[in-house]
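Thanks for coming. I will go through a few packing features of one structure, so please have the sequence and the model open.

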Amino acid sequence: QTLTPNTTTKIPDITVMEAVCDGEEPEVVTQACLLSEFSEKGEARALINSLPDIHHDPVSREATIEKFVVIMDRYQEQPHLLDPHLEWMLNILLEMIRNEKSPPLMVHLCFKFLYIISKARWSNRCIADRGFEYRYICPLGGTRERTWETRYILLLWLSMTCLIPFDLSRLDGHLSTDPGLNRESIMDRILAVAKSFLRVSDKSRDAASVLVSKFVTRPDVKLKRLGDFLDWCLTTISQTSEITMEGTVTLDGALQSLAQLFKHGKRDDFLQYAPTVLQCLNQKRIAESNQATLRKLGVKVVQRLGLTFLKPRLAKWRYQRGSRSLAVNLAQSSVTGSVEATKTDLESVSQEEDYDIPEDVENIIGKYSWTLSYLCIFFAKLLNAIIFQETDNAWHGGCLAFAELGRRGLLLPSRLSDVVPLIIRALTYDEKRGACSLGSNVRDAACYVCWAFARAYEPSELKPYVNQIASALVIATVFDRNITCRKAASVNILSPQGTFPHGIDIVTAADYFTVGNVNNCYLTISVYIAGFEEYTKSLIDHLVHMKVNHWDGVIRELATKALHNLTAQAPEYMANTVLPQLLPMATGLDLHRRHGAILACAEITHALYEIATQKNRLHPWVTDFLSSDTIEGLKNIHQKVCRISLMCVCVCVCVCVCFVKYKIKAVYSGWQWLIDDSLKNLHLFSSGARRGIQDSALSALAALCRQYYQVEPGVANVEIQYLSALMSPEVLTRCGCALALGSLPPFMIRGKLQKVRLHNVSSAQVSRRDAATAMSQVCVAVGVCAQGSPDRVLCEGNIRPVYEALLGCMNDYSMDSRGDVGAWVRAAAMSSLMDVTLLVVASAPELLSSDLVQRMMCCLVQQAAEKIDRYRAHAGTVFLRLLHSIDPAVPHIPHREELLSIFPPETGNSLNWNAASQAFPHITQLLRLHQYQYHTLLGLTVSVGGLTESTVDYILYLHCVLIHYRVSVPLLKMVDQILANGCFELFTSEESHPFCVELLALCKEEIKKSKDVQKLLSCVAVFCGMVQFKGDVRQKVLVQLLMLLCHPFPVIRKTTASQVYEMFLTYDDVIDDEQVLADVMASLSDTNCDIATVRTHRNQLCDWLGLPRPILVTKVTHLENEYPQNIISLHQSPKPEKKRCIICIISF
């Protein structure tokens, strides 16, 4: 609610890069997600106003504090949004603090809220405008840990109150003239408070140091108390030991106060005390302390002492801004400007020569840093650490050191020749370690070095290295794997003060935001930058030497695609230089290098073919620019590469090499062998690489067939060899060969269509998904002709078998350890049905009979009503696509008008089939349509049986459902849900309604002799729900439940007892006598479910309920029974009826 909407502006039908290339200025593409206002002001006001009511309750107090912290923390990065609201927040809190009736606990709570606000937005004005009352310091000046926020805020408040512009002695009244008054002055009292809090261990020590820095540096206080306070600090430092925790805290406070004083005080005031302070620190040996905090504060104090000793002076040789007036710049001549610059340099040199460095500064440098004599030694060691150690830590630390040395002017321009090559290497540093890589921090630090050097040196000093740095930065901008490094490099493109070649054009195309997408960088921005000849070869060389062999497969593939796009910029260089370099890499031992090199050869060869095609000189151009060695290497590359997981890459090469179109049988027969071998041996590859190998082989097969096997238009000179492989015992071999048949071009299938179709269907017992997909591909390839030959096109003679095969796949509900694997087949069949149907409707709609269309639409409705979201969405999409098809329209759709009223055309985009709450209200309306009732209920039955909350709520109607193993358990669960929700309440008023009798008989028949625990448990739940029906049905249901109490399976006995107990609680009209009900409930709750004793309790229950006791009979009687071990029958039990195959459930 506090976020502004994301704003995205895009250029229609043209990319940003295309707009730049055409000379147009593209619109900015941004996405913003920022806080626009303090939207929680109402909640914050309520929390603050609730403090008087909740301060005494620890739980409420902690909850309120936590809520307020969460609100304030959201504005840490945009604290200015709180400015308009600070006034009322501080007014409320300060009013509570100043109220004399406020208990101390509430006062502390108010100060805690002030501290939370101060973390997000501390406003000096808001606090300073309110009068500070010293009375708060005394009663709240304790050292309890829970009140440190109070002390912290009060000390900060006092530090700002001390900034009043008049002398503090005016506040003392007659204290200076009346010696009889035994009262300390305001000045002494504030100093005493500050000193006391410099010794505490909480955060108020930091506030006390701030108070000291602002109070002691006042004009009136520094004359009287500066020397005394410094003496107190030095005495404290000298006499305090850091061994104890108390001593460490005391030293911390004294050093913090010194650091703050030398930071905020004037140099003239503190210069006389600086040598004494430095001597005290040297004697105390703070730099050798074991406490890191004390060492840090000691270095900070010494640093500020050094700055105090040095005179303030601006280094005029750096940051030459020039004149800020455009008119003055235009009026000045170059000669005048050079003279002025020379004068400035001479003045700077003279000042440097005349100024003597104080001895104390030399002592500081000698003790805490290096002198200039050691700087060269340090530089040499730094270079050796980077060059010889070659660790990522050495590279990272060295780059940061170079950047800091350059920023401070300690790296002479003469050393740039040694440093720049290392920085260029650091910009592309990448080292694989385990499953990840190291080097992003090094590359980021190298970008920081470029930024620092551009601001530390004159353009003339960097001019010899600009081209090298520019190429390296451009490479990092477009080809770095890490988004942070790409952005860091992009902001440095214009750093060398206008000397960057084509810097304006490049930074426009590769700005901070456009480099965020790595695909855009590799495939679009790199092509634009390669248009400048200064960067073309450097970009290509980097891809060949650094990215083609990268450990990340995604980067390798992007690099090869980038080489494809860059080939048009330098085709001769690619053909004569790059390809000869890649061919040896393609047959090397390094798998990553081999993979990238083979892909690169394929992409470059393909790009050369496209260029030749555009120039209409295919054969001579390619052969002229590819040397004989290169051609031989490309033709024979498959013979040198063993069959490993990289085989998919070799197949990709075939896609491109075939464009060279050598009519040499040995060439394309070798590639054909590679494709066939890959498709027939998919089971030998790992599961992760298998899909990529298969897809690559299929694409290569299609290209190879189109290029080599068509002797004349529509005539093939080769037999299809994948038909026999469809009968292979290997499942994956059948999958690959089936898809291979689907990828063949039309001229190879015509005349063999009947054979291809029959083999696809017969071989698809396990690989039905790929067979269904291949079948639609074959049909789309050969086309439709109503009166055509069944062996050449899809026609009247073969369309029904095609639809029968695909509709048969719609009923595949195979299950294994992976779950519903039949869903893969159903999804493929749905897609194939849509493709084939739209193809037939477009050419010969008369081929579609009404029964085929009806079955197809009913099967789609069934799938759209099932519970798996992904497949329900796929089925719904296909259903709406066929229903809303207008030109041409699918004929013979049952209830078309009613369907269009339920699913109007606009629902095609708005209806979310993945959401059950949106899909099922539409699906259940199909129950009004006779043709769709059965299949809709069949899908809904499975959905309800899955007991998913999102599907149960939308079941409204039921009809006749076929019983089989897959549906029986979900059906019983659905009936239980319907009974529990009172959908059959109209049958409860009539005794022994035929529907109730039939339902009971079918449930008994379903569980007869069943050992399926899930089915038995579901039937127990149904029996408990059927107790609501009156008459003989209730008596028979109770008998069945009492018989299940003695079931051989313990889980059935326990569940039955539990559910019968709940049944009697739910339906209180089953037993009229309250005493009998109490006895039954007690017996059910106390009954031990042991098979040896449970029968006695069961018989007792029968007596109480007035039911006949079941009696055991021997097996020789051959009576039908539910249980194979304990054969039970009833007195005068009727002869079992013949088992039914359906359950009749009347719609509600």
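Which helices do the buried residues of α25 pack against? Before I answer, note that this is a predicted model. The buried residues of α25 pack against α22 (440-456), α24 (466-479), α26 (503-509) and α27 (518-530). Helix α25 itself covers residues 483-490, and six of its eight residues are buried. Those six are C485, R486, K487, A488, A489 and S490.

Next, the nonpolar cores. The largest one has 87 residues. Inside that core, the residues with the most contacts are I48, F68, F215, F229, L258, L281 and L305. Helix α6, residues 104-120, gives the most to this core, with eleven residues. Take L281 as one example: leaving aside neighbours within four places in sequence, L281 is in contact with I237, L255, I286, V301, V302 and L305. There is also a second, separate core, of 85 residues, which includes L543, A575, A600 and L634.

Last, a helix pair. The axes of α55 (residues 1050-1066) and α56 (residues 1074-1086) come within 9 Å and cross at roughly 155 degrees. The cut-off for roughly antiparallel is over 145 degrees, and α55 and α56 are therefore roughly antiparallel to each other. The crossing of α55 past α56 is left-handed. On the α55 side, the contact is made by A1057, V1060, Y1061, F1064 and L1065. On the α56 side, L1077, V1080, M1081, L1084 and S1085 take part. By class, that contact has nine nonpolar residues, one polar and no charged ones.

Technical notes:
Residues are numbered from 1 along each chain as its sequence is written. This is a predicted model: local features need pLDDT of at least 70, side-chain atom pairs count only at pLDDT 80 or more; totals for chains, interfaces and linings use all residues. Side-chain values use heavy atoms; hydrogens and water are left out. A nonpolar core is a set of buried Ala, Val, Leu, Ile, Met, Phe, Trp, Tyr and Cys residues joined through side-chain atoms within 4.5 Å. Buried means under 20% relative accessible area, exposed over 50%, partly exposed in between (1.4 Å probe, protein chains only). Helices (H or I, at least four residues) and strands (E, at least two) are DSSP runs, numbered from the N terminus. Contact means heavy atoms within 4.5 Å. Axes are lines fitted to C-alpha atoms, for helices over the stretch in contact, and angles run from 0 to 180 degrees between N-to-C directions. Angles under 35 degrees count as roughly parallel, over 145 as roughly antiparallel, 65 to 115 as roughly perpendicular and the rest as oblique. A crossing is left-handed if the near helix is turned anticlockwise from the far one by less than a right angle, and right-handed if clockwise. Ala, Val, Leu, Ile, Met, Phe, Trp, Tyr, Cys and Pro count as nonpolar, Asp, Glu, Lys and Arg as charged, and the others, Gly among them, as polar.
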